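Here is a short briefing to read alongside the model. Have the viewer open and follow the topics in order.

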Amino acid sequence: MLRAGSVVTCIACKNLLPSRMGVKFRVPLQKLHPLSRAIHHRFSANNNPQRPPHCSAARHYTSLSRLPMRPPKSRSGGHDYQQHRTFWVARLAARLLKLRYILLGSAVGGGYTAKKTYDEWKEMLPDMSQYTWIVPDFIWELSENIDLDKLAKALPELEEIAKLLPDMEKVGENFTFLKSLLSSGLGSEVNGASGLRLLLETTGDSALRAPDIPPTSAAMSDSSEKQFKKSSDKERIDQLQEELLRTQMKYQRMLERLEKENKELRKVVLQKDDKGIHQRKVKKSLIDMYSEVLDILSDYDSNYNTQDHLPRVVVVGDQSSGKTSVLEMIAQARIFPRGSGEMMTRSPVKVTLSEGPHHVAMFKDSTREFDLGKEEDLAALRHEIELRMRKSVKEGQTVSPETISLSVKGPGIQRMVLVDLPGVISTVTTGMAADTKETIFSMSKAYMQNPNAIILCIQDGSVDAERSIVTDLVSQMDPQGKRTIFVLTKVDLAEKNLASPNRIQQIVEGRLFPMKALGYFAVVTGKGSTNESIDSIKDYEEDFFQNSRLLRDGMLKAHQVTTKNLSLAVSDCFWKMVRESVEQQADAFKASRFNLETEWKNNYPRLRELDRNELYEKAKNEILDEVISLSQVTPKHWESILQKKLWERVSTHVIENIYLPAAQTMNSGTFNTTVDIKLKQWTDKQLPHKALEVAWETLQEEFARFMAEYKGKDQDDIFDKLKEAVKDESIKRHKWNERAMDSLRVIQHNALEDRSITDKPQWDAAIQFMEETLQSRLKDTESVIADMVGPDWKQRWLSWKNRSPEQHIRNETKNELERLLKLHEDHTAYLANDEVTTVRKNLEGRGVEVDPVLIKDTWHQLYRRHFLQKALSHCNLCRRGFYYYQRHFVDSELECNDVVLFWRIQRMLAITGNTLRQQLTNTEVRRLEKNVKEVLEDFGEDNEKKVQLITGRRVQLAEDLKKVREIQEKLEAFIEALHKEK
């Protein structure tokens, strides 16, 4: 019975081990688990004394090597043989008890393999030590201020680590099946088991050979096993690819979670630092230093054009290819206007990305911050960008070359400078300017011609590649592809629409387009809805690529997908370009500085290098000093100027419309009545307005006089245009207090009503004022008469001048009218008609034809002179008439009412001058000073105004010299820090 059992065992082994070299399997290899120990067969069949050695393939799938071969034992002795048969069952049981060692060895081996796999995958993780510069040094000193629970939560969970270990349940199932197999009987279970193949090893004391198998059945078994092996290998490859993809995605999510935690921690640290918790000075990073250089260069515009050679990322692509969407994904906010098929980007938009505690955006020329976390601020930002674009486009044009500068800050944003250009078009549609296509081409070429510009070429993956225009343009500007990054957008639509996904593989491998590039990326920037958030787009993109056959079939590499990888690659390329070009730019600025300094020393050796802002501040102080000088003017000077200018303005009206008509009356009562009426009318209508006009003009003249007198040997004529503009604008803005007119009218009216001269000096002053006024009028009248009649006989003989025919007629008319005045010294101011006829006939008798109008005009000037001469003689008589005035001219033939009139005018002028002086010094000068300050402040904020008013080669040279020095210093500090980091 025991012998029969051994025979069954050998037959089972022979079925498992064919006679050929090697071992064939009927089940997939991945479903077998190697055994650490093999079952030892004690007996072997006599008909197979020589057994071929096992194939090495069988050894390959065992975890432990085969036991050493034992020398064959002799079976001739009957006692030994019988004893051996007696203990066969016991020895077999002892062998079976060694299963516990098999299980223990498998557990230890599985644990070791799991640990080794975990270490290998851990080494695959990126080295985060190179990113330690992101966190400032003082972060490591804040263990007591930072909640470390957040960092603990960021570590992998135990469940995730357990997933990395082998599936011990499957191992346990295999060993349970093996245990049931051995416990129920070897023969039947081995013959009936088709799902498990045991690799048997012998002890070597006897050869083990399986029974022969018919050739036909063996051949069929070999072919079926080969076919099954091919299918199982393919399944194994698919399984490994899926497992690798899941592992990459899992670690990608873990890395993103760690980055998110780091971003939150950095945000908290930056916020605490803003509040002044950390008094320690933080060392500036390379990003901050380069940012300062870019900020300075953005305002620098010189003839050297050095700023155009600094790196920036230029985003180009066909219209509606997804350029703006890619930029928004990099900026992590939907900041640009959205459209459906129409041109939305009408001018270049320069976006400066930097890191900050809050996710905000701000225009370069504005102080308003847009919170990108709030939807209303995002809508306002998009609306503002659209308004600026439309405003920059000139009438009759579609696009504009004017750049809109925008800065975006936020936690975890990669630091770089991007320029979004209008999309390249192939056809000009209705409503566009005729040169729109050429303008976009020239604009794109101008940005891409920068040898250090990184070209981000965007291609729409949902349309045919042959329709692309931008690829040819990019290949022309960068034939070698040394600074071009190709991005294929809308890959989700491309996968659905394309019949051959291999076409996408050809695109991302650079085999479809003639252009070359540093790298190729495939991204998904949304599902077509304008209301999608950045987070939802990221989730959709990740889910798409995780389930996409493009990545699963190996058409796309894991590092070529998602905008996250794209932004990291663009940032790395950007900084690589910065490191390669910054020293060259520093040398260029050094040469520019030397040239500018040499020009300044040769042309302006004794002047300080003051730029436009410094010159403006100097001019501003000078102008304010001149305005303050107005308050130092004495009251006497103000009043004398005001009285003089006011009398010059109203003297003609007083003489012609008040004094002369009143003087034609026959008695003093009529004279005074006429004077009072006319003065009242004059005060109510004209006098206050005239007085305020005089005061305003006086203030302007004094202001201009002080600004002109301030000039000396130290005065710089470069300020003349600015001072003139400030003066004109200040006067234009100044509005005189109109309420002062009513009070001034009352004061003037009261002054003119007063007729009481209190003392002799006032009387003498009035006579002197009257005499000076009449003499001035008499002198003007004689000058008019001299021009009418021409030169007299002395001038004709000495200066060789002759009279014109009209002057000859006027001279004859003058002589005839003078004879009339001698006969009638008390003649009225007007000639009667019969007197005009008599004069004309007398002149005709002497052969002089004259017009009656000419006679009256000549009479007016002659009578005016005659009246002024009589008034002057009467004024001399009134010098001693103050005594009679006090007695109201009773019992006296002398009447000096005209002297009283002039005293009233003189007193009105003095009171008006005093009133205007008080208003000027107390109110108007201060208001003018305030206006000047406001104008200076407005001009100071308007850079264009300063450029217009402070001009010249000297100013431009100082501006360039200051900017070049500042840029050179910043670049040298940046380069030094860059070398230290290396």
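**Overall picture**

Of the 982 residues in the protein chain, 43% count as buried, where buried means under 20% relative accessible area, exposed over 50% and partly exposed in between, with a 1.4 Å probe and protein chains only. This is a predicted model, in which local features need pLDDT of at least 70 and side-chain atom pairs count only at pLDDT 80 or more, while totals for chains, interfaces and linings use all residues. Residues are numbered from 1 along each chain as its sequence is written, and side-chain values use heavy atoms, with hydrogens and water left out.

**Fold and surface**

- The protein chain holds 35 helices and nine strands; these are DSSP runs numbered from the N terminus, with helices being H or I of at least four residues and strands E of at least two.
- Taking contacts (heavy atoms within 4.5 Å) between residues at least 6 apart in sequence, 82% join residues at least 24 apart.
- The protein chain has an accessible surface of about 54900 Å², and carbon and sulfur atoms account for 51% of that; the areas come from the Shrake-Rupley method with a 1.4 Å probe, and for residues only the protein chains shown count as cover.

- Ser-320 has a positive phi, near 65°, although the residue is not glycine. Its place is the loop between strand S1 (313-317) and helix H12 (323-331), and at 37% relative accessible area Ser-320 is partly exposed.
- Lys-490 is another non-glycine residue with positive phi, here near 55°. Look for Lys-490 in the loop between strand S8 (484-489) and helix H16 (491-497); Lys-490 is partly exposed at 25% relative accessibility.

**Salt bridges**

- The whole structure contains 41 salt bridges, each a side-chain nitrogen of Lys or Arg within 4 Å of a carboxyl oxygen of Asp or Glu.
- Arg-382 pairs with Glu-375, with 3.2 Å between the closest N and O atoms, and Arg-382 is buried at 17% relative accessibility.
- Arg-907 and Asp-754 form a salt bridge at 3.5 Å, N to O. Arg-907 sits in helix H33 (residues 897-941) and Asp-754 in the loop between helix H26 (739-753) and helix H27 (760-789), so this pair ties together parts 153 residues apart in sequence.
- Lys-814 and Glu-818 are also bridged, their closest N and O atoms being 3.2 Å apart. The two are four residues apart in helix H29 (residues 805-823), which means about one helical turn separates them. Lys-814 is buried at 12%, whereas Glu-818 is partly exposed at 23%.
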